[in-house]
Each structure stands twice: as structure tokens, then as C-alpha cells.
Amino acid sequence: PHTPFTCSEPLLRALLSEPSEVTSLHLAEDPAEISFLEQGEGMWTELLPSLGWRPDMGFPGKRPIPRVDELGLLGPELLAGHLVQATASELALLAERGVGAVLCPQSNLHIQDRLPPLPEVLAAGLQPALGTDSPAAHPSLDLRDDTALLASRFLEISDRQLWAMATRWGARALDLDDQAGSLWPGRAPGLV
């Protein structure tokens, strides 16, 4: 699923309930998503019906992270993308439930001229992966650009943490062996 408002509750449950499969879901990505889910207002009320959304899919009256939690779908098999609009308590809830996180800073700047709250994400205890999103929202799809962007905007974040986001934490988020995200001398495929 793309977001909790672009598919019905039964479909969302079916897609996120596969055991041992990591599934990504865009959560708290932009203010329009929040307005739509909380009040049924904003640009999505005009766009979604043209894409097949039906009124029976509903407006839950809740922000996206509490909504997905209410459905019992926050857990280690979920990879929450973006989190730009997430509150401190929502980030803490994601960490408590063992949800993986992936931040896509270049994409977020392109879409809404705002970066994810990286210090708050880390303070909540999350170890976010670094992603690029898609060619529709990212100028280069080069993870190095996202790493450099975060390094230039969040001077308080250590190079070690940024490196982990681009390597080890990314492997962990995808439920890969920890060594998959590690770079060691002589290790294949190596660093180009």
C-alpha cells in the first residue's frame, strides 16, 4: 500500500498482515494527508475519487500513525516512510512497536520544501534508514545526495549516524542480515 488513505481498511490489513514480510507504508508525509485523514478535507478529497477512492473507505478522524496503530498494524514488519509530519509522541509509538523507519530527505524537499525531523526521530529511539523515494520526487536517486543534504542541514547529527542510516540501518530496516549493510575491507561487493 502507498498510504493508509489510498486503500480500504480490509486491503490495508491484508497487505500488512503477511508474516515475516517487510512492507513499506508512507506515513505522516505531508499536511494534506493529515487534513484528509483527520477532517476529510483538502486536496485529497478532490483527487482521490478520480483515482477510485470510495466514501466507504472513510475518514477515520485520526492522524495516520494512530490510525494504523488502531488497526493493529504497527510492528516490526512495517517500514514507515517519510515521517515528516510525525509528532514526538507518534515517533515514540513507532519505536515502541518496533516499526522500521526510512527517511527520504531530497524527496521531501522536492514535494513540500521540508525535511524530516531527524533529531526527533533519533531521540525517539528509531534508527532510520535513508532512502530516495522515486524518480517522480527525487532529482538524482543518489543516496549520497541525501546523506550530504542531511549532513549540511543537521550539523548536530554525527557522521557515524548518517553513515549508519545509509548502510547498516538500511539493511536492518529491510530485515537483511546486519552484514548486508556493513562495509569491511575485502568484503564483496565492495565500495565503488
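## Close-up views of a predicted model

View 1. Four strands, ordered 1-2-3-4, make up an open sheet with parallel pairing. Strand 1 and strand 4 stand at the edges with a single partner strand each, so one side of each lacks a neighbour in the sheet. This is a predicted model: local features need pLDDT of at least 70, side-chain atom pairs count only at pLDDT 80 or more, and totals for chains, interfaces and linings use all residues. Residues are numbered from 1 along each chain as its sequence is written, and side-chain values use heavy atoms, with hydrogens and water left out. Helices (H or I, at least four residues) and strands (E, at least two) are DSSP runs, numbered from the N terminus. Two strands pair if DSSP finds at least two bridges between them.

**View 2. Strands 1, 2 and 3.** Strand 1 (residues 23-27) pairs with strand 2 (residues 78-82) in the parallel sense over 5 bridges. Leu25 has Ala80 of strand 2 as its bridge partner. Strand 2 also pairs with strand 3 in the parallel sense, over 3 bridges. There, Ala80 has Ala101 of strand 3 as its bridge partner. Strand 1 is mostly covered, with 4 of its 5 residues buried. Buried means under 20% relative accessible area, exposed over 50%, and partly exposed in between (1.4 Å probe, protein chains only).

View 3. His82 belongs to strand 2. Is His82 buried or exposed? With 1% relative accessibility, His82 counts as buried. Its side chain joins that of Glu29 in a polar contact of 3.3 Å. A polar contact is a pair of N or O atoms within 3.5 Å; within protein, one must be able to donate a hydrogen and the other to accept it, and residues adjacent in sequence count only if both atoms are side-chain atoms. Leaving aside neighbours within four places in sequence, the residues in contact with His82 include His26, Leu27, Val102, Ser107, Pro116 and Asp133. Contact means heavy atoms within 4.5 Å.

**View 4. The buried face of helix 8.** In helix 8 (143-153), the buried residues are Asp146, Thr147, Leu149 and Leu150. Seen down the axis of helix 8, they fall within an arc of 160°, so they line one face of the helix. The arc is that of the directions from the helix axis to the C-beta atoms. Among the elements that cover these residues are helix 6 (105-112), helix 7, strand 4 and helix 9.

**View 5. The two faces of helix 9.** Leu162, Ala164 and Met165 are buried in helix 9 (residues 159-166). They cover an arc of only 160° around the axis, which puts them on the same side of helix 9. The exposed residues Asp159 and Arg160 sit on the face turned away from that buried side. The buried residues pack against strand 3 (100-103), helix 7 (118-123), strand 4 (129-130), helix 8 and helix 10 (168-173).

**View 6. Aromatic rings.** The structure holds 2 aromatic pairs. In one of them, the ring centres of Phe5 and Trp44 are 5.0 Å apart and the planes lie at 55°, so the pair is tilted. Phe5 is in the segment before helix 1 (9-16) and Trp44 in helix 3 (residues 44-47), so the pair ties together parts 39 residues apart in sequence. Both Phe5 and Trp44 are buried. Ring pairs link Phe5, Phe36 and Trp44 into a cluster. Rings of Phe, Tyr and Trp (its six-membered ring) pair if their centres lie within 6.5 Å; planes under 30 degrees apart count as stacked, over 60 as edge-to-face and the rest as tilted.

View 7. How many salt bridges does the structure hold? The structure holds 8 salt bridges. A salt bridge is a side-chain nitrogen of Lys or Arg within 4 Å of a carboxyl oxygen of Asp or Glu. Arg67 forms one with Glu9, with the closest N and O atoms 2.9 Å apart. Arg67 lies in helix 4 (residues 64-70) and Glu9 in helix 1, so the pair ties together parts 58 residues apart in sequence. Arg67 counts as buried at 14% relative accessibility, whereas Glu9 is partly exposed at 31%. Glu70 and Arg67 also meet in a salt bridge (2.6 Å, N to O). Both lie in helix 4, 3 residues apart, about one turn of the helix. Asp69 and Arg97 meet in a salt bridge too (2.8 Å, N to O). This pair links distant parts of the chain, with Asp69 in helix 4 and Arg97 in helix 5 (residues 88-97), 28 residues apart. Salt bridges that share partners join Glu9, Arg13, Lys62, Arg67 and Glu70 into one network.
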